[in-house]
Amino acid sequence: MAENNEGNTVSESEVDVVRIFDTTLRDGEQSPGASLTSAEKLEIARQLARLGVDIIEAGFPAASPDDLKAVQRIAQEVGTQDGPVIAGLARAHKSDIDKAWEAVQYAAKPRIHTFLATSDIHMERKLRMTREEVKARVREMVSYAKAYCDDIEFSPEDAGRSDPDFLIEVLTIAIEAGATTLNIPDTVGYTTPDEYYALMHRLITETPGSDQVIWSVHCHDDLGMATANTLAGIRAGARQAEVTVNGIGERAGNTSLEEVVMALHTRRPYYHLDTNIDTTQIIRTSRMVSNYTGMTVQPNKAIVGSNAFAHEAGIHQDGMLKDQRTYEIMTPETVGLNQSRLVLGKHSGRHAFRVRLEELGFTLSDDELQTAFKRFKELADKKKTVTDADLEALVADELYGPQEVYSLLDLQVACGRPGMPTATVRLRGPDGTVQTVPAIGTGPVDAAFRAIDSIIQAPNTLIEYSVHSITEGIDAMGEVTVRITAENGSTRTFGGYGADTDIIMASAKAYLAAVNRMLIVKGGRHGRPEGQAATIQALA
Ligand code: KIV
Ligand code: ZN
């Protein structure tokens with residue numbers, strides 16, 4: 001027996017489960033610069049299934065044929081009977097709902113998630129619809145989706161700024177039309193925890209038929225309150241939380257998965273709620289998402305930041321040595337840090353390598369294994385011990401990077417004083433031709449980027465460059481992430497990631513990955529010869 005947060009006594013059998021709905025691949029991918037390739041999306045979806053999320057929102061199939069295909073593939077390969085529910089987002093339009101169904105129908109447990117805005121500002125200024133029209137559309141589109149699929153989620157967009165009386169009318173209609181989950185988005189991150197609690201509580205207690213559906217929370221972090229709001233909504237009775245890994249998402253992002261899960265886990269005596277998440281997979285998932293999206297995690301980020309379990313102050317270190325619990329409310333092991341750190345070395349064979357990758361959750365084809373093993377041997381020659389983090393970086397860098405338009409064959413730099421930092425880069429282009437070009441820069445990284453630029457000639461602005469070591473020691477692998485924008489007035493950014501024991505090499509790989517991604521997405525609009533543009537378009 002235990003007391004819940006309302007002061008009532010509850011038995012273990014009464015402990016409820018909060019479903020974790022992960023929208024990293026949909027709302028998260030809407031982060032500026034976070035575009036992912038289909039291979040990366042599939043790999044992230046597999047890792048989310050290992051993490052134990054209940055629902056994966058795999059994308060927005062109506063957005064593009066590529067998005068539709070990516071959702072379809074995730075539905076087929078990850079949406080198995082004992083796997084998660086696979087959801088596809090759709091505006092409240094028949095064509096969007098058709099596309100969502102076309103993609104998710106292959107999952108053993110498919111879901112269509114449809115939404116329509118209900119705040120006055122959105123209805124008047126964006127939709128140009130009256131309240132009556134919105135209610136009619138909700139009835140029509142939820143019924144339309146229900147004809148395809150039993151599991152229907154409806155979201156009144158911008159609920160946080162909607163009139164609660166009107167929301168109740170809309171949600172009543174959604175239930176009548178067959179919605180099984182009602183999600184209440186604070187789309188612009190405007191509400192406070194007290195307000196959001198009151199809103200959820202009112203909707204749950206006053207909407208007729210409320211007990212037939214699962215209530216869900218979806219918060220954005222514009223005022224830094226997304227996690228607090230999500231937990232407030234859960235306290236009010238929501239049993240589904242919509243979250244993203246590392247909190248990535250539109251503008252300031254979404255509620256972060258790891259914060260909600262670890263709050264419920266660490267403060268279980270307070271919330272008296274469980275999730276189905278295997279918390280030891282959290283760090284691995286966070287690293288994968290950060291590597292593939294090119295969005296670095298700030299060092300002081302709760303749970304997954306590199307400083308989250310670091311203790312610097314003397315008083316803290318002294319306390320930690322006496323008893324970890326003095327300054328740690330959860331152990332690093334709970335979230336998957338420090339697990340079997342030193343595992344493989346230069347004498348390890350292909351079998352041990354494959355088994356370790358499988359333990360880490362990577363399912364590689366024979367060809368991929370061959371490539372990865374070769375790269376592992378090169379790394380093990382340079383480094384005494386190859387850690388799990390090294391292996392994850394290696395697989396991310398080698399196997400799941402974006403399709404290559406240009407590939408890096410060689411790089412040589414000369415730097416130091418006196419002299420001018422110079423880099424010579426050899427790249428293979430889309431038509432197979434190899435070009436070798438030297439360039440001078442303000443430092444070796446700048447010189448390498450300039451040499452790449454003079455071959456590719458895809459004007460861009462470097463807006464972020466960050467480097468850090470994955471593990472300790474002078475022989476550690478360096479991880480580099482860069483973000484660029486195309487110089488054509490667009491605000492869209494492209495991320496790239498590279499890992500190597502040589503940080504200049506890691507930098508060149510990351511920069512080239514970002515440029516490749518820009519070329520693939522933009523398809524030949526960079527002052528390139530006609531023939532090359534066609535090849536790039538074909539790769540997109
Ligand atoms: O923030 C939002 O309103 C959304 C909806 C589509 C659920 O992401
Ligand atoms: Zn959202």
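Reply: Let's start with arginine 73, which is in contact with Leu42 and Val78 once its neighbours within four places in sequence are left aside; contact means heavy atoms within 4.5 Å. Keep in mind that this is a predicted model, where local features need pLDDT of at least 70 and side-chain atom pairs count only at pLDDT 80 or more, while totals for chains, interfaces and linings use all residues. As for bookkeeping, residues are numbered from 1 along each chain as its sequence is written, chains are lettered from A and ligands numbered from 1 in the order written, and side-chain values use heavy atoms, with hydrogens and water left out.

Arginine 73 sits in helix α2; helices (H or I, at least four residues) and strands (E, at least two) are DSSP runs numbered from the N terminus. It counts as partly exposed because its relative accessible area is 39%, given that buried means under 20%, exposed over 50% and partly exposed in between (1.4 Å probe, protein chains only). Serine 38 is 35 residues from arginine 73 in sequence, with 8.7 Å between their C-alpha atoms.

Zooming out, α1 and α2 (residues 65-77) cross at roughly 35 degrees, and their axes come within 10 Å. Axes are lines fitted to C-alpha atoms, for helices over the stretch in contact, and angles run from 0 to 180 degrees between N-to-C directions. From α1, Ser38, Lys41, Leu42, Ala45 and Arg46 meet Asp67, Ala70, Arg73, Ile74 and Glu77 of α2. That contact is made of four nonpolar residues, one polar and five charged. Here Ala, Val, Leu, Ile, Met, Phe, Trp, Tyr, Cys and Pro count as nonpolar, Asp, Glu, Lys and Arg as charged, and the others, Gly among them, as polar.

Another helix pair to look at is α6 (residues 164-177) with α7 (residues 193-206), packed at about 45 degrees with axes 10 Å apart. That angle makes α6 oblique to α7: under 35 degrees is roughly parallel, over 145 roughly antiparallel, 65 to 115 roughly perpendicular, and the rest oblique. α6 also passes α7 in a right-handed crossing. Pro164, Asp165, Leu167, Ile168 and Leu171 of α6 meet Leu199, Arg202, Leu203 and Glu206 of α7. This time the residues split into six nonpolar, no polar and three charged. Isoleucine 168 counts as buried because its relative accessibility is 11%. Its contacts beyond four places in sequence are Arg202, Leu203, Glu206, Thr207 and Pro208. Glutamate 206 is 38 residues away from isoleucine 168 in sequence, and 7.3 Å away C-alpha to C-alpha.

Aspartate 27, in the loop between β4 (19-22) and α1 (38-51), and histidine 220, in the loop between β10 (214-219) and α8 (226-235), link distant parts of the chain, 193 residues apart. Both aspartate 27 and histidine 220 are buried.

How values were computed. Left-handed = near helix turned anticlockwise from the far one by under 90°.
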